[in-house]
Amino acid sequence: MLSFKIRGWNAYTPSLESADSWGNWLQNKYILPTDAPKPGLKNIPLMLRRRFTTIGKYSVEAAMPILAENEHIPLVFASRHGDVELTLSLLQSIANNEPLSPTSFSLAVHNAISGLFSIARKDRSEATAISASENLIPFALLEAATQLQDNEHVLCIICESPLPDLYKPFASSPPFPYAIAMVLSREEGDTFHLKSAPAIASEQGQNNELEELMALLLSHRHCARFPSTQDVEWTIQR
């Protein structure tokens, strides 16, 4: 079992920009409006702002409110599929024998968002980009909590977006794009415990990973469960 503290957290998707709005959605699971205002990234220089794709913008909106100005902090960026729309467009260009856009290619790599975020904040702290086919949230927190051995605080950003129709038969994805940012700490905040164990049948844990984590962060539950296909279940407890 690995223990850590969370100094602060914030989650973002258009129309769900506060803990209360996330709590309301979690209880009612309504369809989000498609005409909600998009993130403005007002604190990001205009030329750099244009380089952030959708999940990159959401990541910035989620993380900036929980960081102090000029705070230097290591970053763990986690996404299962990354910017999959952009990646698919590049693959389609290859299939059509069209030249690839160097800019699009550079923004499609998995650590592009963490790199842009570091540049925008002028923070040269180490950044780690990870992915996982399942249990992304437990693995992201495992990586961030492990880095607390060498750092007082670690920023963990988890973001996802719906898969394009072409990929939907092959993998699950969230109903809308989102980003969740958490500052893990050695000393500050509420304590959480992360552990893995042989899987057990349970009604809890049948939600998707987003709902499990949000219910835990909002204190709707004291334990989030993340089952896997490997007969191992990860849990995060308060």
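Cover here goes by contact, meaning heavy atoms within 4.5 Å. The helix and strand names are DSSP runs, numbered from the N terminus, with helices being H or I of at least four residues and strands being E of at least two.

Quick caveat before I go on: this is a predicted model, where local features need pLDDT of at least 70 and side-chain atom pairs count only at pLDDT 80 or more, while totals for chains, interfaces and linings use all residues. Residues are numbered from 1 along each chain as its sequence is written, and side-chain values use heavy atoms, with hydrogens and water left out.

Back to H6, then. How many of its ten residues are buried? Eight, so to speak for residues 112–121, and the helix is mostly covered. Buried means under 20% relative accessible area, exposed is over 50%, and partly exposed is in between, using a 1.4 Å probe and protein chains only. The buried set is Ala-112, Ile-113, Ser-114, Leu-116, Phe-117, Ser-118, Ala-120 and Arg-121.

Asn-135 is not a glycine, yet its phi is positive at about 60°. You'll find Asn-135 in the loop between E3 (127–130) and helix H7 (136–147), and at 3% relative accessibility it counts as buried.

Ser-15, also not a glycine, has a positive phi near 85°. Ser-15 sits in the loop between strand E1 (2–12) and helix H1 (19–28). Is Ser-15 buried or partly exposed? Partly exposed, with a relative accessible area of 28%. Setting aside neighbours within four places in sequence, Ser-15 touches Ser-21, Leu-32, Pro-33 and Ala-36. For Ala-36, 21 residues along the chain from Ser-15, the C-alpha atoms of the two are 5.8 Å apart.

Now the strand pairing, where two strands pair if DSSP finds at least two bridges between them. E1 runs antiparallel to strand E6 (residues 190–198), joined by five bridges, and Leu-2 stands opposite Leu-194 in E6. On to strand E8 (residues 232–237): E6 and E8 pair in the antiparallel sense over six bridges, with Val-232 in E8 as the bridge partner of Pro-198.

Let's zoom out. The whole chain has eight helices and eight strands. Its radius of gyration is 18 Å, close to the 18 Å that the globule rule gives for 238 residues, so the chain is as compact as a globular protein of that length. That radius is taken over C-alpha atoms, and the rule is 2.2 Å times the number of residues to the power 0.38. Along the principal axes, the C-alpha trace spans about 50 × 45 × 35 Å.

Buried residues make up 47% of the 238. As for contacts between residues at least 6 apart in sequence, 70% join residues at least 24 apart. That's my tour, thanks.
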